[in-house]
Amino acid sequence: MLLIHFGVIGSSLLSSVTSTTIRSAAEQATTEHRQLLENRTVTESLLGDHEESKDSQRNILTFLDDTEIVRLNVGGELMSTSRSTLTRVINSTLARMFDGSPKYQLQFDRDGNVFLDFNPVLFHHLLEQLRMMENDDSQQFHAPSSQSLIAPFNKMLQKLGLDPAPRLDTDIIILNVGGEIIMTYRDTLIQLPDSKLATIVSSNESVSVDSSGHIFLDFNPRLFRHLLDQLRSRQKTTIHSFKAPSNEDTKTFNSMLISLGLKSLRRAYDICANARWAQYGTPVIWGYENGNWMRQEYNYPRGLYVDDNGTLYVADASNHRIMESLRDAIKGRTVAGGHGNGSRSDQMNKPVDFIIDEDGSLIICDSNNYRVVRWFRGADNGEIIVSNIGCWGLAMDDQKCLYISDWVNDRVIKLCEDEIDFTLVAGGKGSDARLDQLNGSRHLVINRDRSIYVADVYNDRVMKWDEGANEGIVVAGGNSRGSNLDQLSQPLGVIVDELHTVYVADTFNHRIVRWPQGATVGSVMIGGNGDGANTDQLSYPTSISFDQYGNLYVSDFGNHRVLKFKIDTSLCLAE
């Protein structure tokens, strides 16, 4: 058995003797303990238990008076501390065990160490608090950070006659992150309750702890501190996305986020129910206006996405390319395609949607080439992932399974890594309006529980398909084509937030509508003022995306532009 020694030497002894003297005293004390054990056997045979107990007690008192250093064997682990530390809480059971009280008889191991039958991690955690205790400190003791250790720690305190400190949601929690001790409030770490991080610090499940009972996380402490700063400053109304401290740290930082359940391969939108958006949008790089091409950027934009750094990506369909525009840029750049309409590996034909993988590569619906292609960052050519498919929408779950909306076959399929065959997820049973059918599947999103939402364009509705379900349910529209608040007209784009609110690009009604979970009618968020080019109007919006703050971006297809609508969270505090 590997025995770890923790030594603390009293300051009075340290000031009066050298280290050599200390070692000699410790060796002499150990020799005396062995002699005590030998005497104990002889006494027991001659005088019986009663007389032996008296002699043993006198010997122990002599030992305690002669040395300030106490060597402990706690559950098989050796520790050293001062007697004054162990007797700090006067009248406690622990203090009476070591102040010579005749009521308590110490037990020794074969090497003469005082034996205590407790979990060494828990006792060491207690010992650290005793060592730091001042005379005027509260004589209450905090349990280790791990939820699973709270009950056994408090039980140990009870046996030792010590009081536990009350626990609150705002308790300070101590973490050992890659060997560095980090302290924060528990509620800072559990504010995203579905994350693995929240589970680690909240549940009774077994977690890794260090020798002091602190939760151990095997991450780079610098990156974890950077994450912690963002958690501390996070507001309820913002989307829970986190930025790496630098481009060089992005891969390692994102890997840590995924391990902690704070980053998903699907985008999560955490938007309050009372949020509103500006009714007038701001053009974010546009194309054709008043008979003139402005900046020569977009020609019928379709799918779009805004990443955590505010970078905008747009499927510039009729320019056969994917465009990237940095935050506040006045001009974008081509990151895929852009070599004309064609089927070569460096070309595309009307790309309509895309997703960005964790390594930054683009997976693209190359619609009129009937294929799905992957374009690695900085590459001049793409590679075909799936061919002979009418792709219109893409999504990816946390298992890296790719979901494809196949408009030709009115279905959604799933393709996972290392699998040859796809899995039918939704539709695929003809073009009609039954709940097990789709009619022109378009953009789709996947939820945390791997349920999917898909724009069912010719049925004028949005459908939700739970994982493994044989049919879907209508979550928006589905009351024939029209412009009433319970109707949609050929919707193309859809996204869903963490409250399961559905946001729809109601394309032929030239508006964006919002349907809370379970609602029978929606509400108009943006547009709905007819087909037009004013900034409070839209012309066949095809796709929508939120940035990390909840600002809404719209592909205004007919106006060859992307509009940004700023979020207003002033009413969110009323929730």
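## Contacts along the chain

Take the contacts in the protein chain between residues at least 6 apart in sequence: 52% of them join residues at least 24 apart. Contact here means heavy atoms within 4.5 Å. Keep in mind that this is a predicted model, where local features need pLDDT of at least 70, side-chain atom pairs count only at pLDDT 80 or more, and totals for chains, interfaces and linings use all residues. Residues are numbered from 1 along each chain as its sequence is written, and side-chain values use heavy atoms, with hydrogens and water left out.

Thr 282 gives you an example to look up. You'll find Thr 282 in strand β10 (residues 282-286). Leaving aside neighbours within four places in sequence, Thr 282 touches Val 562, Leu 563 and Lys 564. Val 562 is 280 residues away along the chain, yet the C-alpha atoms of Thr 282 and Val 562 are separated by 8.3 Å. Thr 282 is partly exposed, at 47% relative accessible area.

## The chain as a whole

The protein chain has 10 helices and 36 strands. Both are DSSP runs numbered from the N terminus: helices are H or I with at least four residues, and strands are E with at least two.

Of the 575 residues in the protein chain, 52% count as buried. Buried means under 20% relative accessible area, exposed means over 50%, and partly exposed is in between (1.4 Å probe, protein chains only). The chain exposes about 27,000 Å², with carbon and sulfur atoms supplying 48% of that. These accessible areas come from the Shrake-Rupley method with a 1.4 Å probe, and for residues only the protein chains shown count as cover.

Strands of a sheet pair through backbone hydrogen bonds, either parallel or antiparallel. Here, two strands pair if DSSP finds at least two bridges between them. Strand β1 (residues 69-74) pairs with β2 in the antiparallel sense over 6 bridges. Look for Val 70 opposite Thr 81, and Asn 73 opposite Leu 78. β1 and β2 make a hairpin with 2 residues between them, and Gly 75 in the turn has a positive phi of about 55 degrees.

Strand β2 (residues 77-82) is mostly covered, with 6 of its 6 residues buried. Glu 77, Met 79 and Thr 81 point one way from β2, while Leu 78, Ser 80 and Ser 82 point the other way. Helix α5 (residues 120-132) has 13 residues and reaches 18 Å from first C-alpha to last, close to the 18 Å expected at 1.5 Å a residue. That expected span is 1.5 Å times one less than the number of residues. Since 10 of the 13 residues of α5 are buried, the helix is largely enclosed by the rest of the structure. Among the buried ones are Phe 123, His 124 and His 125.

## A four-strand sheet

Another open sheet has 4 strands in the order β25-β26-β27-β28, with antiparallel pairing. β25 (441-446) and β28 (473-477) stand at the edges with a single partner strand each, so one side of each is left without a neighbour in the sheet. The twist averages 25 degrees from one strand to the next.

β25 and strand β26 (residues 452-456) pair over 4 bridges. In that pairing, Leu 444 stands opposite Val 454.

## Salt bridges

How many salt bridges does a search of the whole structure find? The count is 18. A salt bridge is a side-chain nitrogen of Lys or Arg within 4 Å of a carboxyl oxygen of Asp or Glu. Asp 357 forms one with Arg 374, with the closest N and O atoms 3.3 Å apart. Asp 357 sits in the loop between β17 (351-356) and β18 (362-366), while Arg 374 is in strand β19 (residues 371-375), 17 residues apart. Both Asp 357 and Arg 374 are buried.

Arg 371 and Asp 366 form another, at 2.7 Å between the closest N and O atoms. Arg 371 counts as buried at 8% relative accessibility, and Asp 366 is buried at 0%.

Note on methods. Axes fitted to C-alpha atoms, helices over the stretch in contact; angles between N-to-C directions.
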